Amino acid sequence: MAGIKDVAEKAGVSVTTVSRVLNKRGYISQEMYQRVNQAIEELNYCPNQIARNLYLQRTFMIGLLIPDISRPFFARLAKYIEMELNNRGYKMMLCNTVEKANKERECLAMLRQNKVDGIIIGSHALDTAEYQKVALPIVSIDMKLGSQIPNVTSNHRMGGELAARKLIENGCKNVVQIMGDRRVKINSQERHRVFQKLMEENGVKCTTFELKKKEFSREEYAKVEEKIFSAALDIDGVFAKDFIAARVLHTALSRGIRVPQELKIVGYDGTEIAELIYPRLTTVCQNYAAISQSIVNALIHQIEQKERTKEDMVHDVILLEGGTTLT
């Protein structure tokens, strides 16, 4: 098997230059980069990753903890984070915690045992004190875990206001919002507080349905939908995550309710679901690319600079109008 010296000899460069190309460290001219990579390809050279990691005392692996990969928001965010990490020379290890504290604890232990360079926390089933004990670079998504752990989030206050204003402009008088478990103190809960406040200030009745941690299932959605479309409520507006809003739209149309003439719907997240349904969903879009870039930048800063940034990062959202509201 070819070794790094063979690659250096064929490319006509030093072993140090080959190492810099492999590790993506230091300045390498485009011409030199191509020569080394051509030699690697011709010799079918495969770097010894274990030896490289031992030498650098790094694995270039990052752990990402999320509650449920089947949810469109986390699926899309994981995609963007993986792309951003890859651009920076890192690989991602995905952990699906299914919102269980024991599973999340096991994932954290596994990541530490595998010597990952850092951890991105998007699942928050444990007490914040447990995250603060982890002696690794950490970045949190959408939840403050302590003054020493940076938190990357969207401007959910702005999101709640955009959704509320759109339904108010559409003349809604009796709306429903569907939210997650209030006991989970994530930043995104703020959008629902702002939404309800604005509705009350504008004389619009607002009924809130809260889905507990274990109620994100088809059966539970069906129960909520039955309550939403009961004659007692007689609603004219709905605000919910995209994938829940899509279900509401489907149910409304199957019952002969005209959207947006009789029922206006605003989603939240800006996932592909909003584009795939008809009519297209009006939704508050989060900036996945910017969020992922901030997460990766904050984490790599900790890894390479050996210090934690205490600054939280908040990204604006936008309202993308579809056919479930009136223009």
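## Rings and charges

Start with a charge sitting over a ring: Lys241 is placed over the face of Phe73, 5.7 Å from the ring centre. Keep in mind that this is a predicted model. A second example involves Arg191, which lies over the face of Tyr268 at 3.9 Å from the ring centre.

Together with Phe74, Tyr80 and Tyr288, Phe73 forms one aromatic cluster. How exposed or buried is Phe73? With a relative accessible area of 12%, Phe73 is buried, and Phe74 counts as buried too, at 12% relative accessibility.

## Aromatic pairs

To describe a pair of aromatic rings, you give the distance of the centres and the angle of the planes. How many aromatic pairs are there here? The count comes to 6. One of these is Phe60 with Tyr90, a tilted pair with 5.4 Å from centre to centre and 50° between the planes.

Where do these two rings come from? Phe60 is in the loop between helix H4 (49-56) and strand E1 (61-66), while Tyr90 is in the loop between helix H5 (72-87) and E2, so their pairing ties together parts that are 30 residues apart in sequence. Phe60 is buried, because its relative accessibility is 5% and the cut-off for buried is under 20%. Tyr90 is buried as well, with a relative accessible area of 1%. Then there's the pair of Phe73 and Phe74, which is edge-to-face: the centres are 5.0 Å apart and the planes make an angle of 75°.

Now for the strands. Strands of a sheet pair through backbone hydrogen bonds, either parallel or antiparallel. This structure has an open sheet of 6 strands with mixed pairing, in the order E7-E6-E8-E9-E10-E12. Which strands stand at the edges? They are E7 (205-210) and E12 (318-320); each has a single partner strand, so one side of each is left without a neighbour in the sheet. From one strand to the next, the twist averages 20°.

For a view inside the sheet, look at E6 (residues 174-179) and E8 (residues 237-239). These strands run parallel and are joined by 3 bridges. In E8, Gly237 is the residue that Val175 stands opposite.

Most residues other than glycine have a negative phi, and most peptide bonds are trans. The bond from Val259 to Pro260 is cis, with omega near 10°, and Pro260 sits in the loop between helix H11 (242-254) and strand E9 (264-269). The bond from Tyr278 to Pro279 is also cis, with omega near -5°; Pro279 is in the loop between helix H12 (273-276) and strand E10 (282-285).

Then look at phi. Glu99 isn't a glycine, yet its phi is positive, about 60°. You'll find Glu99 in the loop between strand E2 (91-96) and helix H6 (101-113), where it counts as partly exposed at 25% relative accessibility. Asp142 isn't a glycine either, and has a positive phi of about 70°. Asp142 lies in the loop between strand E4 (138-141) and strand E5 (151-154) and is buried, with a relative accessible area of 13%.

## Cysteines

How many disulfides does the structure hold? The number is 0. Take Cys285: the nearest cysteine sulfur belongs to Cys172 and is 19 Å away, whereas a disulfide needs the two sulfur atoms within 2.5 Å. Is Cys285 buried or exposed? Cys285 counts as buried, at 14% relative accessibility. Cys46, on the other hand, counts as exposed at 56%.

Conventions. Residues numbered from 1 in each chain as written. Predicted model: local features only at pLDDT ≥ 70, side-chain atom pairs only at ≥ 80, totals over all residues. Heavy atoms only, no water. Buried < 20%, exposed > 50% of the residue type's maximum accessible area, 1.4 Å probe, protein only. Pairing = 2+ DSSP bridges. Helix = DSSP H or I, 4+ residues; strand = E, 2+ residues; numbered from the N terminus. Axes fitted to C-alpha atoms, helices over the stretch in contact; angles between N-to-C directions. Phe/Tyr/Trp six-rings, centres within 6.5 Å; stacked < 30°, edge-to-face > 60°. Lys NZ or Arg CZ within 6 Å of the ring centre and 35° of its normal.
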